[in-house]
Amino acid sequence: MLRPGRPVCHLPRLLSPPLLLLCRLLVLASLLSVSEANVLDTMLLRSSGKVKTDLGKEDSGSPVPIVPERVLWCHCYHHCPEDAVNNTCRTDGYCFTMVEEEDGGPPVHTSGCLGLVGSEFQCRDTGNARLRRILECCTDQDYCNRDLHPTLPPLNTSGYVDSSVHYMALLISITACCFILVLILVFCYFRYRRQVSRPRYSIGLEQDDTFIPPGDSLRDLIDQSQSSGSGSGLPLLVQRTIAKQIQMVKQIGKGRYGEVWMGRWRGERVAVKVFFTTEEASWFRETEIYQTVLMRHDNILGFIAADIKGTGSWTQLYLITDYHENGSLYDYLKSTTLDTKSLLRLAYSSVSGLCHLHTEIFGTQGKPAIAHRDLKSKNILVKKNGTCCIADLGLAVKFISDTNEVDIPPNTRVGTKRYMAPEVLDESLNRNHFQSYIMADMYSFGLILWEMVRRCVSGGIVEEYQLPYHDQVPCDPSYEDMREVVCIKRQRPSFANRWSSDECLRQMGKLMMESWAHNPASRLTALRVKKTLAKMSESQDIKL
């Protein structure tokens, strides 16, 4: 007896060859004439795990057998389709039997049909962390899943033990890290307290007088070094000894290069310039310039010693010079008004120091010509006697006449933008021509003269102190701000009306205009300004 759904054309033994050929032709014709609706129905039935054997009819109404895909009958339990009869289902894939247990509940047995699509992956399913499951599949015969008896594997308690061990290891690691972190913080705290308790810049008070006899003052040591004929400052060992014996007292200034402290050496007050480690090039250049032969001059800041001291955690760069309690010309003019005599004294002494810098002294131990390159009122100090001295030579350049070369320092610093000459701002300065640097200094000196004259009283009137171009550029001008005012508009600081009614101030105004001329070749030299100021002082019976 034939099982329902098996096509007749699959029985070649019962049919003769002519009838078999006729049967195949009829099947081919019926397949070509099947409508879209019948094909769609067959796909839907196949996808749900059920396959029926329907007999299509031709227009004439004669039955036509359809060749279906392979069909497997399975036993189903808890997983039966809606049209299942007697716990039986059909599929084109596999029969399965499954046992699953969820969150420690009782095992649940399930059996049924799996479609062919994706069945290979479903037959390998083993559950997850919350659901224990074992699934077995078969396809060798109908109702083969009745013989399948999957068994859940025993619970793996070692996993829980392993997880607890992992948690314990994590807890111990976190505790150890926290303990080490606390130790590091305590160490850093006590190290910080120890550093704070020490002086910030610790130049020791070692009583090493090997190179300095007791009773000698700084003036005695400097006079001895000058009379020795070298003219280049104190011997190196004496400098280092002085540097070690200086006691820091208080900080008196701070700039972009570092800090300035007042210190004491054998009771004498000295200024100690402490450079940032990033400004080592400035320290080296300034030390080199100060120790140039025949550099010492009354109107150039007196150099005493230079030293480098390494403490392990940082390097300290010291430059020790004379101490002047009046501070810079900038500070002095802000708090002090001038009369004609003090104005001429300040101006004459300033240009005398600049003239000494610019002048080359020939000889077997001659002095090269030097240009300052950062001349401004903050880099000129006022002595107790009312004269000035030029300081801060970290950007200075030297002219080597033997080779006709300009010795430019390898320094990333630049001058102060407010005091820069037009040729520096528009970058037209000839860097290979030393006279260009000399003329740039004279432009800056003209602005310094303007600052002095504003604070000179005439007719009971005096202006408050202001920086040059205070009314034309911002407080911290950029290159573009200065270039527009100085180079493009060619503006200069304005004169007060009262200056024209005072002969001294009128002549000072003329010196300014000739010093800050736009064309560098038209500017006065330092020597020319010095001679003019000397004549002005002589005409007014002022002894400089």
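Ser501 sits in the loop that links helix 12 (479-488) and helix 13 (503-515). Keep in mind as you look around that this is a predicted model. Is Ser501 buried or exposed? With a relative accessibility of 65%, Ser501 counts as exposed, because the cut-off for that class is over 50%. Ser458 lies 43 residues away from Ser501 in sequence, and the C-alpha atoms of the two are 8.8 Å apart in space.

Five strands make up an open, antiparallel sheet, in the order 8-9-10-12-11. Strand 8 and strand 11 are at the edges with a single partner strand each, so one side of each has no neighbour in the sheet. From one strand to the next, the twist averages 25°. Strand 9 and strand 10 run antiparallel and are joined by eight bridges; Gly258 has Phe275 of strand 10 as its bridge partner.

| Strand 8 | 247-254 |
| Strand 11 | 303-310 |

Finally, turn to helix 4 (residues 158-197), where you will find Ile180. Ile180 is partly exposed, at a relative accessible area of 48%. Together with Phe179, Leu183 and Ile184, Ile180 makes a nonpolar surface patch of about 410 Å².

Notes: Residues numbered from 1 in each chain as written. Predicted model: local features only at pLDDT ≥ 70, side-chain atom pairs only at ≥ 80, totals over all residues. Heavy atoms only, no water. Patch = residues over 30% accessible without salt bridge, like charges linked within 9 Å, V, L, I, M, F, W, Y side chains within 5 Å. Areas by Shrake-Rupley, 256 points an atom, 1.4 Å probe, with all protein chains shown as cover. Salt bridge = Lys/Arg side-chain N within 4 Å of Asp/Glu carboxyl O. Helix = DSSP H or I, 4+ residues; strand = E, 2+ residues; numbered from the N terminus. Buried < 20%, exposed > 50% of the residue type's maximum accessible area, 1.4 Å probe, protein only. Pairing = 2+ DSSP bridges. Axes fitted to C-alpha atoms, helices over the stretch in contact; angles between N-to-C directions.
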